[in-house]
Amino acid sequence: MSKSLVPGAPVSAAAPAERRPTDWRTASMQRRVRQRYAAERRFRLLGLAAVVASAAFLLFLLASMLARGAGGFVETRIALPLDLARAGLSVTPAQLRGPRADLALAGAGLERAVDAAAGTVFPRAGGAVLLSDAAWLRVREAVKRDPSLLRRRVTIEVPVASRLDIAFKGGGTRAERALARSLAPHLSRGLNRDFLGGADSTDPTRAGIWGALKGSLLTMLVTLLLAFPIGVLSALYLEEYAPRNRWTDLIEVSINNLAAVPSIIFGLLGLAVFLGTFHMPRSAALVGGLTLALMTTPVIVIAARNAVGAVPPSIRDAARALGASPVQVVFHHVLPLALPGILTGTIIGMARALGETAPLLMIGMRAFIAAPPERLTDPATVLPVQIFLWSDDVQTGFIEKTSAAIIVLLVFLLAMNGLAIYLRNRFETRW
Amino acid sequence: MSPLALAFVITALALIGWVTARARAARFRRGTTRRFSSLPQHHGWFVAMGTLLPALLFLAVWHLTAPALVTEAVLTTPGAATLPPPGLDRVAILAEARNLAAGRSYGAFHPLSEQLAPAYAAAQRRYDWIATAVALLLAFVGGALSFLRVRPGFSARTHVERVIMGALLGASLIAIVTTIGIIVSLLFESARFFHVVPISDFLLGTHWSPQAIDPRDPGASLGAVPLFWGTFFIGAVIAMAVAIPFGLMSAIYLTQYARPATRRWVKPMLEILAGVPTVVYGYFAALTVAPAVRDLGVALGVSWASSESALAAGAVMGVMIIPFVSSMADDSLAAVPAAMRDGSLAMGATSSETIRQVLLPAALPGVVGGVLLAVSRAIGETMIVVMAASGVATLTLNPFASATTVTKQIVDLLTGEAAFDSAKTLAAFALGLTLFVITLLLNVVALIVVRRYREAYE
């Protein structure tokens, strides 16, 4: 720095004798100090602004998802008076018992009867157009529960079509909202059980999250069963037993590198190896779990190595001194002490895998799957992919479904991270 | 026997072996003062492993070879004589027959597959029985042989521990196998791609339109330069323009100014930002940010502003990267020796002067390394660009124009309805290889920079 901070003070070391104490009361000095303090305040405000802006973005993101998605859990129902006795359904009460009841009612023209009822009750509003595709299914369930409905007049609340649903919740076009207002005495709100218990559908009012959630759970199960043991065992090997040589270095380098490889590359690997070479079934939870396990293992290894390394050497020395073998030292003493840290890292890695989309798209998990998977090899989809698929759908009814699915996903992630934090606070020992 | 039942029976055998061997070892311990190298349970584990491992190894190998053997057996049946010559048709028919035989599908598309299904089922059943018998035999013989070795002087612990060490080593080798798997599969498919498309066309060509590939000259429409530019523009320019100032300033505020209580609350909140799934960011970018950016562009006089602009995707990606940059900057600021900061403050410099003129220059290499890692993460990020960026490859400097990235194109190429080895799908692997190499280089350089810097202060 060639210029002195204090004006008037000598810069060169050759003339030290002329140095006088700085007079801080002069106007120029005061102005300087004020400027420097102002700069300090500006800088500090800038930092605060950065933090506040980041936090505000997070809050805005979460709030907008909540505001948009809350409606996805609620459905609009319309009270539909039905006279099934006059509808001429050709079903006998005997057919309504047992597993063939669904087929019998469908064959008897129940759907037509429900649509016709809507046409006679709400002729000006469009009749059957008002009803969701799931409306007659509700009637079918009600009839199965109580076959006497077939012989009397009854009013059943059935879900309405997507457009009317949106309009009743305050969206849609002006005409649709007017229609919703005119029908308001017949409309009511209720919990959307189809959303929580069903699978994907082409009709937004019928689309459900359970199929994707179950796919996610199966996928995570495979991932956990593979990644956790492999990750913990390799961490133990690298931290406790591995000799320092070129092979160990190679393993370490590949683990650190794998942890930084973009996730989509793992999808390409899964596509080429599991689908291309081993001919495993497309879009199955098994393949998804395998792919995500390859991605999650390095994360678990790194977390587990930190946890194992944090166990003090005195524990190992004490165990060795009492005659434990190297395997006993690690499995009886080091591993139990490191377990909370390992579990924390594992949960965080699993949370990352649960939110992962791109590698699963690569292995074909973007198909339309209308039934929850029963086995690991069944075609399945997972929550993030379901969100992606719905977000691509042009029907406006899917906007709130997408946000509602995001809420479900975030709740799961929050629960997992909360559990990790709890484990860390509750069990982790600071040595 | 179904695989699950078979596994259950073998496990039960192993359990019986464990219990009996343990009891036997416990018996010869009774009444002596002799010291043993192994506990009774070591003998138990030795026998259990002797039962399980040979049978499981056999089943693993069998699982890989059996489908080929079954197909061979089916091909020798008279019904297979009318099969078309080797090729896609033949494979399709055989796969369909296999699915029919396994009960996985109900309707047959091809009449011949319906004919072959019974033969398939019969061969499958025969080989399943062979596998069951051999596995059970191996489990039984292995268990019996190991049980015979359970004697007072036998050091079962050494054997058990050797198996455990083998398992540990095997588990850590999986990382290498995965790395090799990635490299080999990417190289293999890319080599097939470069067989069709000259590598110079791919790396230097400036026209990308995989929807319309001219079969005579596929390289003409597979020039990846616009993709590389789009990736760089979105991930390394726009995203970093958001992430670096915000990440750096919040790290500075949280480490230098904020009270510890504030820091305890705000830091996890920033980390939540990193934990939000990318598909959520993508949805937010596409639904909320992109229209706002387009309106902003129109207001600024760019009348053709795209609703899938580079700015929308890049800005949201930058927000996602903020916590990453912030924690890297946090680490490098914390690594600067306290003496430097104290010295500067003692000379009368204000906090901000100390930070700007002492701490930041000293921490710069660490911050640069962190930024390189952030760039590598941003260019590998997929879902935000898949949902918010456009599919049209353009060479543009305007942030309001549409731009596309390597990751977006990989997804687009592979999720279409194309045969697995068409030029389109192979191009995805070539793009993947490029992405892998670039991120690898960035990571290596970043690690070297960070390590050098750490060494300087330790």
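**Figure 1. The two domains of chain A, seen in a predicted model.** In chain A, the C-alpha centres of domain 1 and domain 2 lie 44 Å apart. Please keep in mind for every view here that the model is predicted. Domain 1 of chain A covers residues 70-191, and domain 2 of chain A covers residues 210-427. For a second pair to look at, turn to chain B, where domain 1 spans 3-154 and domain 2 spans 218-457. The C-alpha centres of those two domains of chain B are 50 Å apart.

**Figure 2. Where domain 1 of chain A meets domain 2 of chain A.** Here 8 residues of domain 1 of chain A are in contact with 7 residues of domain 2 of chain A. About 540 Å² is buried between these two domains of chain A, with 59% of it on carbon and sulfur atoms. Which residues of domain 1 of chain A lose the most area to domain 2 of chain A? They are A:G72, A:F73 and A:I166, which together make up 65% of what that side buries. The domain 1 side that touches domain 2 in chain A is made of 3 nonpolar, 3 polar and 2 charged residues. Across this interface of chain A's domain 1 and domain 2 there is 1 salt bridge, and 2 residue pairs are in polar contact, counting pairs with both residues at pLDDT 80 or more.

**Figure 3. The salt bridge between A:E400 and A:K169.** The closest N and O atoms of A:E400 and A:K169 are 2.9 Å apart in this salt bridge. A:E400 sits in helix α16 of chain A, while A:K169 belongs to the loop between α5 (162-168) and α6 (174-183) of chain A, so the pair ties together parts that are 231 residues apart in sequence. Are the two partners buried or exposed? A:E400 has a relative accessible area of 13%, and therefore it is buried. A:K169, with 25% relative accessibility, counts as partly exposed.

**Figure 4. A:T76 and its surroundings.** A:T76 is found in strand β1 (residues 74-83) of chain A. With a relative accessible area of 1%, A:T76 is buried. Which side chain makes a polar contact with that of A:T76? The partner is A:D165, and the polar contact between the two side chains is 2.6 Å. Leaving aside neighbours within four places in sequence, A:T76 is in contact with several residues, including A:V158, A:P159, A:V160 and A:F168. Among the other residues in contact with A:T76 are A:K169, A:L187 and A:S188.

Figure 5. The salt bridge between A:R77 and A:E75 has its closest N and O atoms 2.8 Å apart. Both A:R77 and A:E75 are buried. B:E161 counts as buried at 13% relative accessibility, whereas B:R157 is partly exposed, with a relative accessible area of 23%. Back in chain A, salt bridges that share partners join A:E75, A:R77, A:R138 and A:D194 into one network. Over all chains, the structure holds 20 salt bridges.

**Figure 6. The interface of chain A and chain B.** In this view, 68 residues of chain A are in contact with 75 residues of chain B. About 6,300 Å² is buried between chain A and chain B, and carbon and sulfur atoms give 80% of that area. How many salt bridges cross the interface of chain A and chain B? The rule finds 1. In the salt bridge of A:R36 with B:E353, the closest N and O atoms are 2.8 Å apart. There are also 9 residue pairs in polar contact between chain A and chain B, counting pairs with both residues at pLDDT 80 or more. Among the elements that give two or more residues to the side of chain A touching chain B are α1 (27-69), α8 (210-241), α13 (326-354) and α16 (397-427) of chain A. The largest share of that side comes from α1(A), with 22 residues. By type, the residues of the side of chain A that touches chain B divide into 50 nonpolar, 13 polar and 5 charged.

Terms used
Residues are numbered from 1 along each chain as its sequence is written. Chains are lettered from A and ligands numbered from 1 in the order in which they are written. This is a predicted model: local features need pLDDT of at least 70, side-chain atom pairs count only at pLDDT 80 or more; totals for chains, interfaces and linings use all residues. Side-chain values use heavy atoms; hydrogens and water are left out. Contact means heavy atoms within 4.5 Å. Buried area is the accessible area (1.4 Å probe) that two parts lose on being put together, summed over both. A salt bridge is a side-chain nitrogen of Lys or Arg within 4 Å of a carboxyl oxygen of Asp or Glu. A polar contact is a pair of N or O atoms within 3.5 Å; within protein, one must be able to donate a hydrogen and the other to accept it, and residues adjacent in sequence count only if both atoms are side-chain atoms. Helices (H or I, at least four residues) and strands (E, at least two) are DSSP runs, numbered from the N terminus. Ala, Val, Leu, Ile, Met, Phe, Trp, Tyr, Cys and Pro count as nonpolar, Asp, Glu, Lys and Arg as charged, and the others, Gly among them, as polar. Buried means under 20% relative accessible area, exposed over 50%, partly exposed in between (1.4 Å probe, protein chains only). Domain bounds come from an automatic or database domain assignment.
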